[in-house]
Amino acid sequence: MNIFEKYLSVWIALAMGAGILLGNIAPGLVSAIAAAEFASVNLVVAVLIWAMVYPMMVGVDPRSLRDVAKQPRGLLITLIVNWLIKPFTMAAFAVLFFQYIFAPWIPREDAMQYIAGLILLGAAPCTAMVFVWSQLTRGDATYTLLQVSVNDLIMVIAFAPIVAFLLGVTDITVPWSTLVLSVLLFIALPLAAGILTRRRLGSEPAIETFQARVKPYSVVGLIVTVMILFGLQGQVIVSKPFIIVLIAVPIILQSYGIFAIAYAAAFAMKVPHRIAAPCALIGTSNFFELAVAVAISLFGLNSGAALATVVGVLVEVPVMLTLVAFANRTRTKFAP
């Protein structure tokens, strides 16, 4: 384990602090990074995520895709948790906290905005970062690709109806440019590069050696991504710390709850850990680019809904790292 992985939580904490500091002392630089955006996808962050995803894609063996059908339990858990449990429990948590528990401190109009943002997060399972979490838990790269791909296909059909039902509105428009660009940037291009790399390297020992050599760059990419994400919201974090904390509470509870359900189900169904860990982590993290884009289109750039989706971005990495650590510690409890 290299120094970046061994002390990853320390580097992430430092990156969060550095990002907040950068966002407040160098707003011009942060604004320039924020301006490098297309279809609600920040291109600077996209490059870093691509760099994080690529090493795992090198481990995807296209010939083994036919074998994943022999282990349908992990995919079944992922789909049930992501589409039949997660959106509705997130909506329930949002209503519980912002209409009742936090009601004395937040105006009702603002509370409804935050609820809407949380619902958008809950209905958008992760597309890109799950490859990073899978890699950190030594997950099966090919199976993770299958899980993400099937999720994205379902998202095309199910995202708008679920959001429309939970928000009680009918004019939900899926931002296809965001969805397509994200799939191209975070799945298609890294996968194509990974396959070409595998062919060039030839043997499995050469592939494993190459992955070991580039893996530290993936972790460095994660650290820099966290710094940029916190930098983009540095001023908001400083100006509205109380609201940020309140929004984070249901997101954190939802994340740990969803992970517990999926991970326990995988354990009970004797799913191998290399599949069980990504299976649980994919539902815990969110497709924040999609959630942010829809929040802005429905409610506006400066709305409470948009703020709630952004808080989801800020909360995700620290929470996911604790879950990655837990998954790694409990590896031996699972079937080989």
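1. A residue is termed buried when its relative accessible area is under 20%. Val-317, in this predicted model, has a relative accessibility of 5% and therefore counts as buried.

2. Val-317 belongs to helix 15, which covers residues 304-329. Leaving out residues up to four places away in sequence, the contacts of Val-317 are Ile-12, Trp-133, Leu-222 and Val-226. The C-alpha atom of Val-317 also lies 8.5 Å from that of Ser-285, a residue 32 positions apart from Val-317 along the chain.

3. The largest nonpolar core comprises 109 residues. Those touching the most other members are Phe-98, Phe-131, Trp-133, Phe-159, Leu-222 and Ile-247. Helix 15 gives the most to this core, contributing 15 residues. Another core, apart from the largest one, consists of six residues, including Tyr-54, Val-58, Ile-207 and Val-214.

4. Beyond its neighbours within four places in sequence, Leu-222 is in contact with Leu-8, Ile-12, Met-52, Met-129, Val-132, Trp-133, Leu-136, Val-317 and Leu-321.

5. Helix 12 spans residues 241-268, 28 residues in total. The distance from its first C-alpha to its last is 40 Å, close to the 40 Å expected at 1.5 Å a residue. After helix 12 comes Lys-270, with a positive phi near 60°.

Conventions. Residues are numbered from 1 along each chain as its sequence is written. This is a predicted model: local features need pLDDT of at least 70, side-chain atom pairs count only at pLDDT 80 or more; totals for chains, interfaces and linings use all residues. Side-chain values use heavy atoms; hydrogens and water are left out. Helices (H or I, at least four residues) and strands (E, at least two) are DSSP runs, numbered from the N terminus. The expected span of a helix is 1.5 Å times one less than its number of residues. Buried means under 20% relative accessible area, exposed over 50%, partly exposed in between (1.4 Å probe, protein chains only). Contact means heavy atoms within 4.5 Å. A nonpolar core is a set of buried Ala, Val, Leu, Ile, Met, Phe, Trp, Tyr and Cys residues joined through side-chain atoms within 4.5 Å.
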